[in-house]
Amino acid sequence: MNAVQLPIQNPPLKGFLRWAYTLSITSAHEKTIPWYYSNFIQLSCKKDFLEDGRQYYIDFFRGKPNELNFNNPFLLTCSVNYTILENLALDAWPQFFADQIRSGYYCVVFLDESKLSPAASYQRESFPHHLLLHGFDWEEQVFYASMFDHTGVYRNLQITFQEFQDAVQSMRQLLKGNPTADHHTYFYKYEPHVYYSFDKMAAIDQLRDYLNGETHLNRINYNFDNREAFGINVYSYLQMYFDAVESNDPRLGERNDVRHLHVLWEHKRMMSERIEYLVEEGMIPYDEELVEGYKDITKRAMKLRDQYIRHEIREDKEVFERIRLRFEQFRDEEPVLLKKLIRLLEN
């Protein structure tokens, strides 16, 4: 076969590539939907971003390690580092990854994205990042890939074998110079025999953790370091972040303002869609306050994100007051709705 394209779906979550990549694989299969709605309830964020000067983040939390590391029941996962791949000649990399794709494996390759022409970092400073390969055309000498392009849009595109090799070679040089760590290359194969029904107790546990601002997930495998906030407590640190942005706090590290608001919107949209799924499947009765309440929160979260995008194009200092107002509203409204959802699930 000179050309192969593995099944791929537009992923429902795109805030971080670990979700976009793995969910673009599993979302192509309807049987994974109950697992999807049993999860992606908890949020976490960094607490000490002003003290250590490192980038603030907010993200969905599904335990540790993160989603690239063997954390999706529908994906058979293998991972290798550059040490293992060291003896693979550079011009053999396209054939090697084409062979894996031909065998049904999606490849998430760690490389220097600044060598890829569709990337925002193209021909700029080195940017170690993961790239999803899900197909190839040997005659055209291209991989079919997914990534964020230079406009910040997540999309499917083509990467030439030559650019792919350049990005791999640059990554090899970066690792030899030790300016970055090896975040590994992953291979995923969809496991069609796995069965997963909606896990009501798992959902309730995550909802309670969210309300209590804590997590008990996966604690047996790591020591709790208290460097992250969870659930409803995330709002306090989100507000701290945007206060620092508004005041140009010199302690603030690399910024990614819109992503934080985008992830917040994805979380509200996910919660709203989950409630509709539970109603449609007959797991909870229709409750107008719950359904419409989360729809309204979702709309306001999306509007807030869009207002901030406009602020970055044409400065609007009033956006920070709107952020404060919305965070206060969400922090007050969500517990009422989530407590009702827990009661309906328990009944």
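In this predicted model, D243 and R324 are joined by a salt bridge, with their closest N and O atoms 3.1 Å apart. The two residues sit in distant parts of the chain, D243 in helix α8 and R324 in helix α11, 81 residues apart.

- D243 is partly exposed, at a relative accessible area of 31%.
- R324 is also partly exposed, with a relative accessible area of 22%.
- The pair belongs to a network of salt bridges that links D243, E246, E321 and R324.
- In the structure as a whole there are 24 salt bridges.

**Packing of α8 against α11**

- Helix α8 covers residues 234-246, and its axis comes within 10 Å of the α11 axis, with a crossing angle of roughly 175 degrees.
- Angles over 145 degrees count as roughly antiparallel, and α8 is therefore roughly antiparallel to α11.
- On the α8 side, the contact is made by Y235, S236, L238, Q239, F242, D243, V245 and E246.
- On the α11 side, the contributing residues are F320, I323, R324, F327, F330, R331 and E334.

**Packing of α7 against α11**

- Helix α7 (residues 200-212) and helix α11 (residues 319-346) have axes that come within 10 Å and cross at roughly 155 degrees.
- These two helices are therefore roughly antiparallel to each other.
- The crossing of α7 past α11 is left-handed.
- From α7, the residues in contact are K200, I204, L207, R208, Y210 and L211.
- From α11, they are E334, P335, L338, K339, L341, I342, L345 and E346.
- The contact of α7 with α11 comprises 9 nonpolar and 5 charged residues, and no polar ones.

**Other salt bridges**

- K340 and D287 form a salt bridge through their side chains, at 3.3 Å from N to O.
- K340 is in helix α11, whereas D287 is in the loop between α9 (257-280) and α10 (288-313), so this bridge ties together parts that are 53 residues apart in sequence.
- K340 counts as buried, at 16% relative accessibility.
- D287 is buried too, with a relative accessible area of 18%.
- R102 and D99 meet through their side chains in a salt bridge of 2.8 Å, N to O.
- Both R102 and D99 lie in helix α5 (residues 93-102); they are separated by about one helical turn because they are 3 residues apart.
- An α-helix has 3.6 residues a turn, so residues three or four places apart point the same way.
- R102 is partly exposed, at 33% relative accessible area, and D99 is partly exposed at 29%.

- Helix α1 (residues 17-26) is largely enclosed by the rest of the structure, because 9 of its 10 residues are buried.
- The buried residues are L17, W19, A20, Y21, T22, L23, S24, I25 and T26.
- K176 is located in helix α6 (residues 161-177).
- With a relative accessible area of 56%, K176 is exposed.
- The C-alpha atoms of K176 and L17 are 25 Å apart in space, and the two residues are 159 apart in sequence.

**Residues with positive phi**

- Most residues other than glycine have a negative phi.
- F40 has a positive phi, near 60 degrees, and is not a glycine.
- F40 lies in the loop between α2 (33-38) and β2 (43-46).
- F40 counts as buried, at 0% relative accessibility.
- N248, another residue other than glycine, has a positive phi near 55 degrees.
- N248 is in the loop between α8 and α9.
- N248 counts as exposed, at 57% relative accessibility.

Note on methods
Residues numbered from 1 in each chain as written. Predicted model: local features only at pLDDT ≥ 70, side-chain atom pairs only at ≥ 80, totals over all residues. Heavy atoms only, no water. Axes fitted to C-alpha atoms, helices over the stretch in contact; angles between N-to-C directions. Helix = DSSP H or I, 4+ residues; strand = E, 2+ residues; numbered from the N terminus. Parallel < 35°, antiparallel > 145°, perpendicular 65-115°, else oblique. Left-handed = near helix turned anticlockwise from the far one by under 90°. Contact = heavy atoms within 4.5 Å. Nonpolar A, V, L, I, M, F, W, Y, C, P; charged D, E, K, R; others polar. Buried < 20%, exposed > 50% of the residue type's maximum accessible area, 1.4 Å probe, protein only. Salt bridge = Lys/Arg side-chain N within 4 Å of Asp/Glu carboxyl O.
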